[in-house]
Amino acid sequence: MTASRDEEILGSPGTEFSLDAPAELAHDPAERPGLGPWRLTARRLRRNKMALAFGVVFIALVAACLAAPLWADNVAHTSAEENHLSDTIVLDGKTTNVVDLLGKPIGPTWGGEFFLGADGNGRDIMVRLLYGGRNSLLVGISAALGTILMGLVLGLLAGYSRGPVDSVISRAMDVLWAFPVILLGVAIGTVLAVQGLELGPLTLESDSLLIPILIISVIYIPYLARPVRGQVLAIREREFIEAARAQGMGSARIVFTEVLPNVASTLVVFLPLMIANAILLEAALSFLGAGIQPPNPSWGTMIAEGVERIISAPHLAIVPGAMLVLTVLSLNVFGEGVRDALDPRARVRIEH
Amino acid sequence: MSEAGRVPTLLEVHDLEVSFNTEDGVVRAVDGVGLELKSDEVLAVVGESGSGKSVTALTMMGLTRGPNASISGTAHFEGTELIGASDEELRRVRGNRMSMIFQDPMSSLNPVYRVGAQIVEQIRAHRDVSATEARQRAVELLDAVGIPDPGIRVDAYPHELSGGMRQRAMIAMALSLDPSLLIADEPTTALDVTIQAQLIELLRKLNEERDLSIVLITHDIGVVAEIADRVAVMYAGRIVEQGTLDEVFYDPQHPYTWGLLGSLTRIDRPRPDRLPQIPGMPPSLLEPPVGCHFRPRCPHAFDRCQSVPDLNTRLPEAPAHFDRCFLSPEQKRERREVGDGT
Amino acid sequence: MRKALGVPSVMVMALVLALGVAACGSSNGGQAKGGSITISQTSQPDALDPALSYVVEALEPIWVVYTPLLTYRHAEGAAGSEVIPGLATDLPRISNGDKTYTLTLRKGLKYSDGTPVKASDFEHSIKRVLNLESPGSFYFEGIKGASAYLSGGDPDADIPGIQTNDKTGEITINLTAPDASFTNVLAMTFAGLVPGDTPFENMTQDPPPGVGAYMITKSVPNREFVLEKNPRFAAAEIPDVPEAKIKTITTKITPNLIQQTEDVIDNRLDYMQDPPAADLKAEVIERFGPDGTEEQRYEEFSTASTYFFFLNNEIPPFDDPKVREAVNIGLDKTALARLYAGGLAPGCSFLPPGMPGYSEAIDIEDCPWGDPNQQPDVERAKQLIREAGAEGAEVTVWGDTVDPTPKITQAYADQLNQLGFNAEPKIIDGAVYFPTVGNQKTEAQTGFASWYTDFPHPLGFSILVDGATIGPTNNTNLGYIDDKHINDELAALSEEPNLTEVTGRWEELNDYIVDGAYMLPFGHRKLATFVSDEINFDECTVVSPVYQNDYSSFCLKSAE
Amino acid sequence: MRSQLARFAVRRVLSMVFVLFAVSVLVFLIFNVLPGGDPAVRMAGKAHTETQVEAIREEWGFDEPLYVQYGTMMKKLFTGDMISYFTEVSVTEEIRKGAPRTFALAIGAAIIWMAFAIALGVYSALRAGRISDRVLTVLALIGISMPAFWLGAILSYYLGYKAGIFPNGGYVEFLVSPTEWLWHLILPWFTLSILFIGFYSRVLRSDILETMGEDYVRTARAKGLSERRVMLKHVLRNSLIPIITLWGLDFGAVLGGGAILTETVFNLQGVGQYFADAIGQLDLPPIMAVTMFGAFFIVIFNTVVDIAYAALDPRIRLEGGSKA
């Protein structure tokens, strides 16, 4: 039963610009029927300047990380691995150790070399930040995609087939859901950190990036599978599914042509927020020693190293942390914008 | 049916305008509406979704909130000016002298409180009575609106009642302080046909027995026929025709009303999902058509329709029958016969 | 691996957990000391039971609680390496082709609970070491019948190689073969005496009484343990084993190293077992070091440890002596010292400082590969590598995850790349590191290792270079060094019971190992003493070369 | 209606028992069965010897069939004879010792984050669209985007070490000194709360905005209730339900060990830090026990919350579930 449109304009205070202004615009009488849902979303998103701005920030961050070699070769003239423990550089006319005798690295020089300072090994933080970002982003994005793939398959399977398959999958989701993500992540992470993983033909070394990707994507499955299942259950009952079935469409085809497009908005809403969560979880796991393993740099491992030396060299923790916050923030703001534009009621539970 | 004229006027609305500021521009939801309601009378406000009828009603209740709304005009009720009244003044009238019930009884009752508690809350908001007394009153009210076992149902949660029961409970709540005016906004739309009929019967009974005036907002012409004394037809924020039930039903003056009546459904038949089929779409209130709002959809439109027709009485024999159409009465009669096919 | 992991791993864990935070404990700030001090450790000691305690956090207190028949002089430097009689009246009489050790228990000794000490308690104490599968059981397996006792599984079975006489106090120990270091073994805390009825289980939560300056009166694992002055110890009158000068020492387990450091700086803690947090070291040195702005409370000392990279002598590229020389020449040891926040003394020597056979000359100025405190001759190293045709050789550099080893491993791999190799660091978990690199099949080319001695006898270092120990798995000779001269010399020296007579030969052997570039030593770990200003730093902080800070030397300024 | 609630409770408890069992099986699978390594070696942790590994294999029955292994594991967990092979200390004993600290952190933080989230969420909703709302929105999003361990480290560096306003880390028993206890917990409480304040205030804000558009709120106004009463009794009361559910889940998770990072950064030595320390040592028994007890705790806690919630929101009893 839908209320008439004029009623819905009422009681929703404020249609001035705000981050989730599109929530109100969802019922904008000016939006003529006939605009496709995706075009409508794009239109609403275009109006959310803040979300777009942060979307651009995120893309810029990704681009910067991809361009890491350019900075390394042309500006910093070093690599992510190159140590400068015994080197000196000239700062304000004074020769300074990159790392002093007590192991304290220099802070930001704001020049080409050691722009953001050096780490304990005398490596250029800016360079490592960019290369580390590649790993953090790679893990975050891959894990989010992994979650979406697995969560989607399980959610569709459970919601569409119902019956015992649904029960099994739903219970399994309940079980995964029962663990705080960090506990579960660490538990699996530490077990695998010892000797890696062998699954049939697949052998993962303990320092493989695939391990954190796998762990994170598995842990978050219920966060997607549950809402997808719920949606599929609801969609199943709708007329167009009946109609499709009456036309003799097979289940697989119905799922792909009728159900999938209807859960697509959930996936789109989920993706940026999920990447943000995955990046944060990666950082937390790495901080605890159960995520990305050295020598692979990542923002999480960089923060972990930095926190040890926060008193003598606070930049070691602040720089990668700020980068992490900026990345996650840009994803969150952009993600909220997408959500508001597409499906203001969708909610992704956050835990990290 | 009541006799207009001898009874005092209960509610008088003049030049009511309500518009909403949106990002895309100003939406003029109500555009110069005037209404008059005598004591004991049932006025039906009829129109499609988006015609402004609900906004009109809510504005009278002072429920058109939000910083983006701007309201002008007057609405006089029992000696109180409702437009521009303070929150406190409005609050004292609302639910007390003037009550309102809504379309969807499920969503209109707060799901987390028991039905009785919600009635008690209203009583105690206006009268200084004890909780026990108020509860006793709630049971009586539930009984009065025909809810069986009121002593038990008073403790039911809304979800434990059927749709019809919920609307009855809403009505009980609305009547709890013996108001003189009940605004019923699509009270039957969400209900089954048989339940609809029962509820309309209940409203009629209340109108007769309790001297209750009713403003019935609906798009269901069948319901109107059952209960209304007078009818106002709204289109795109404006009243396009107003008169007694007989006047409007038997001698409709506005082409839009013709369309509405053209597919008059009887209350004992299944209700069509949509309003009567009139070709075209209702206009956007952001950029309404110049002149007569119905012009783009009107098969009889002509040059003059580029300007706005006044709401005037155009029939000498019916001084209380108003309409907003430039066609002469003769033209109307002629074209109505043709278009109507009756 | 034995002690190799002890000290550094613990220290390192502290670093991992040192999260830039500090200073709790203002609650105990104001309270009057009254002969009591509060000190801190970073993690729970492996055990508070002489049969089991092995890491230095445990040994510092255990040494002053459980005195063995023999012990070390409570003194700094070389003097502190001297074995002196403890509960025994004299050093052992060695007879029967260096296989029989005879000692006599002092008369009238009592444990801290008043139980008289009997000679048979010694056998019981050793049985506990063996039966509990202590990390120290290895040292006592040379006693006749010990292996049979171990495999028999009956804790109450007799060890035929140990005969005791409770009346005379005589204790005779028979070995299956001569063991040049057995006197040192008897001075290990594993052999600290506990009463004959002490159960065959880990007594950490209720440590047994012992004969020593202090007694453990409270032990709450992972929280704290308390040492109190043993009132019965004075009566024992053991020469050169001092009495306690402080009434109570409360040790708090505080994972956060920075917090510990700040607490010592602010005198809320009186001593920290670990060296100050790297993060605050500069401040500590500046204020409390020997040249500090305030009264001295801080001093560094070198430990008898060697940090090195093993070089696999059997497979390319390090099977070529020229390549091994090249990396010895080319390694920037000062760079690595910075990763230890200055807590590493760069050096070339295989044997560590303080060890008989060590000479500072070969370690520093006469180092054949150049002064380890100077920048290396990278060009020469590169040239040697080119000559050997090892340029571009792929090298996997192994290291474990125990901080700062990953950093060391990465820095070393980077240096190898600078020298012309194509090196990749490979960092695996500490739990599997030594079994992995010690497995011949892994063919680990080079990687990180460190070694601490259990006692000041160079034999403790022999297993790192002894070709006779090489096997398919669990190797300690990680470089598969199999040199006839080394093997022969080690075999001969292991049968020489009197170390002072053969110190010269050890020195020559050390030179030989260094010159041969069999491995790549880069330095010796430095630790530190850091105390509050309540403690009399000048007179009351003895650093034993064996057990480091000597709690029985601690005294308060106010008490004087 | 009471019996409806009772039936719901029984159903919920039965499903809880099932989930508990499944949780224990999952933990078992992770630690005992996950392919790729030898569980005995993993269990032994760092610096193990062959004999230790053998002894552990024997003790845990890793050569036995899986169901026997499962039984052994559960027995060890719940009889308290599980020990850490690194410290040789009873794991359950350590958890018991750490629990009061973790509870102090979790309970205080949960109160703080709820109070702040409600205040900010309501304020933000009432000011929706205005500058103050936008500022709060940005702050909330920053809060959500910040890793707790980083925030904690930065806070204790600037406010603790540099400014010396707060003690930077450590825990003082309440009975020793209530003021010191409070003083030591303030930064950890806020560090742990920031994420939740950010998230909850956003959720509450949108719930309130949504609820304000609900028909029953319009009804409440039409009834002539005061605005204050409408907001409190109708809007807030109904908007709070979703975040109370969330709160139940998150509070359970934090109590069950989800505050590892905060505990570690502030050196509170609760269960979470015990867990984190164990990671550093690769000491699996504590990790296993904390994971298991944490999940158990959460499952049981959630059941209680669900039943309480059903009492709060009568609709739930029929629907039979309430997970957010």
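Visitor: Is B:Ser107 buried or exposed?

Guide: B:Ser107 is buried, at a relative accessible area of 18%. Buried means under 20% relative accessible area, exposed over 50%, and partly exposed in between (1.4 Å probe, protein chains only). This is a predicted model, in which local features need pLDDT of at least 70 and side-chain atom pairs count only at pLDDT 80 or more, while totals for chains, interfaces and linings use all residues. Residues are numbered from 1 along each chain as its sequence is written, chains are lettered from A and ligands numbered from 1 in the order in which they are written, and side-chain values use heavy atoms, with hydrogens and water left out.

Visitor: Which helix is B:Ser107 in?

Guide: Helix α3 of chain B, residues 105–108. Helices (H or I, at least four residues) and strands (E, at least two) are DSSP runs, numbered from the N terminus.

Visitor: And what is B:Ser107 in contact with?

Guide: Leaving aside neighbours within four places in sequence, B:Ser107 is in contact with D:Asp215 and D:Tyr216. Contact means heavy atoms within 4.5 Å. With D:Asp215 there is a side-chain to side-chain polar contact at 2.5 Å. A polar contact is a pair of N or O atoms within 3.5 Å; within protein, one must be able to donate a hydrogen and the other to accept it, and residues adjacent in sequence count only if both atoms are side-chain atoms.

Visitor: Different topic. Which chains share the most contacts?

Guide: Chains A and D, of the 5 pairs of chains in contact. There, 71 residues of chain D are in contact with 64 residues of chain A.

Visitor: How much area is buried between them?

Guide: About 5700 Å², with carbon and sulfur atoms giving 74%. Buried area is the accessible area (1.4 Å probe) that two parts lose on being put together, summed over both.

Visitor: How many salt bridges between chain D and chain A?

Guide: The count is 1 salt bridge. The side chains of D:Arg202 and A:Glu336 form a salt bridge, 2.4 Å from N to O. The term means a side-chain nitrogen of Lys or Arg within 4 Å of a carboxyl oxygen of Asp or Glu.

Visitor: Which helix gives the most to chain D's side?

Guide: Helix α8 of chain D (residues 178–212), with 10 residues on the side that touches chain A.

Visitor: What about chain B and chain C, how far apart are they?

Guide: No contact joins chain B and chain C; their closest C-alpha atoms lie 48 Å apart.
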